[in-house]
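Hi,

Here's the structure I promised to pass on. Have a look at it first, and then read on for my notes.

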Amino acid sequence: MSVTSTYVGTITRILERAPETRSFFLRLPPDQAFRFTPGQFISCPLPIGGESMIRPYSLASSPGEAELEICLNRVPGGHGTAYLFGLDVGATLRFTGPWGTFTLDQAPATECVFIADGTGIAPIRPMLRRALSGPGTHPVRLHYAAPSRAHLLYADELDAAARAHAHFTFYPLLNAPLAEEIKRRYVQEDQDRSRRFFICGVGDIVPQLRDLLRRAAYERRAVQYEKW
Amino acid sequence: MAKLRVLFENGDPERIIEFDPSRAPFQHDGRAGSILDVLLANGIHLEHACGGNCACTTCHVIVKQGFTTLSEAEENELDLLDKAPGLTPISRLGCQAVIEDDVEITVLVPRFTINAA
């Protein structure tokens, strides 16, 4: 049993953000509000093959925006993305939420390191915005790995944020090993273990980074992650 | 054959499912042979907002019998359980806990699944 309502959003815009990667913008009826914490996802029961298949999509937009944004790449053989990529503006999408405990409600009072791999940037984006909305007394960093500059989602926005916030540094990592970069910078370079990490990506890279950091004596709860 | 007895905190009548673990998966969500897999295949609704991908706690169940016979919890599941409302020492995520042998398991499905941070 759930205490969560079902929402029906209308797709107002579809944006091709990178090769095979799209953002879908959803608008709710004016009398409906959808409150969430940066990092959370919505759960969509998609009508696929005559049955309902549940697919989760992280919210890439920030709380309070007029539209909800989900950003996803086409998964080869994936039924959920195939269905969504077949939708046009004006179509509706049913969902429940918000869900998930990979969240950031306010800027941590310590150095904060975001690590995103590919479309793992989606939940990180509103978390980063929230982290940068504070007074900015501690460093905020984003390491974002993608196969090429064309696959780097929100690149202009992230570059602009780095220019606007002196305490924020953006480290795009193009077609290079992410784990080695993280190990060099946060395990080998110093003994500071007060940082907090927020990691999101698809597949084994996420637990790999989690284990790397926790085994290097970062506190377990200082290493938060979401693996898709 | 394995036997899965399902109790519901909301008062729904209990269900007993007998199945052959070696024939898993029984449907498409959660780990093959997991409690979620068995329940969904038998028409029993268990929330799984993340699609059974071990990214939320909505399939949280309390294992009243047979806890130690289930597959061992991995770190990702333990990290999520850490944030589950109503956590007990015998809690598992239905999408991850696999019934591997011909054992008897009893699970309690909590009344509500609240997954806000």
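Predicted model: local features only at pLDDT ≥ 70, side-chain atom pairs only at ≥ 80, totals over all residues.

For chain B, the mean pLDDT comes out at 93, with 95% of its residues at 70 or more.

Strand 1 (residues 6–18) and strand 2 (residues 21–27) of chain A are antiparallel and share 7 bridges. Together they make a hairpin, with 2 residues between them. In that turn you'll find A:Glu20, whose phi is positive at about 60°. Strand 2 of chain A also pairs with strand 5 (residues 68–73) of chain A, again in the antiparallel sense, through 6 bridges. There, A:Arg22 stands opposite A:Leu72 of strand 5.

Now the domains. Chain A splits into domain 1 (6–99) and domain 2 (112–227), and their centres, taken over C-alpha atoms, are 24 Å apart. Where they touch, domain 1 of chain A puts in 15 residues and domain 2 of chain A 11 residues. On the domain 1 side, strand 1 and strand 5 of chain A each supply at least two residues, and the largest share, 3 residues, belongs to strand 5.

Next, take a look at helix 5 (residues 205–215) of chain A. Its buried residues are A:Ile205, A:Val206, A:Leu209, A:Arg210 and A:Leu213. Viewed down the axis of helix 5 of chain A, the buried residues fall within an arc of 135°, so they line one face of the helix. Among the elements covering them are strand 7 (112–117), helix 4 (178–188), strand 10 (196–201) and strand 11 of chain A. After helix 5 of chain A comes A:Ala217, with a positive phi near 85°.

Finally, how many residues does each chain bring to the contact between A and B? Chain A gives 18 residues and chain B gives 22 residues. On the chain A side, the elements with two or more residues there are strand 4 (51–58), strand 6 (92–99) and strand 11 (223–227). Strand 4 of chain A gives the most, with 4 residues. By type, the chain A side divides into 8 nonpolar, 7 polar and 3 charged residues.

Cheers

Note on methods: Residues numbered from 1 in each chain as written. Chains lettered and ligands numbered in written order. Contact = placed C-beta atoms within 7 Å. Nonpolar A, V, L, I, M, F, W, Y, C, P; charged D, E, K, R; others polar. Buried ≥ 20, exposed ≤ 12 C-beta atoms within 10 Å, placed from the backbone. Arc of directions from axis to C-beta. Pairing = 2+ DSSP bridges. pLDDT = per-residue confidence, 0-100. Domains from an automatic or database assignment.
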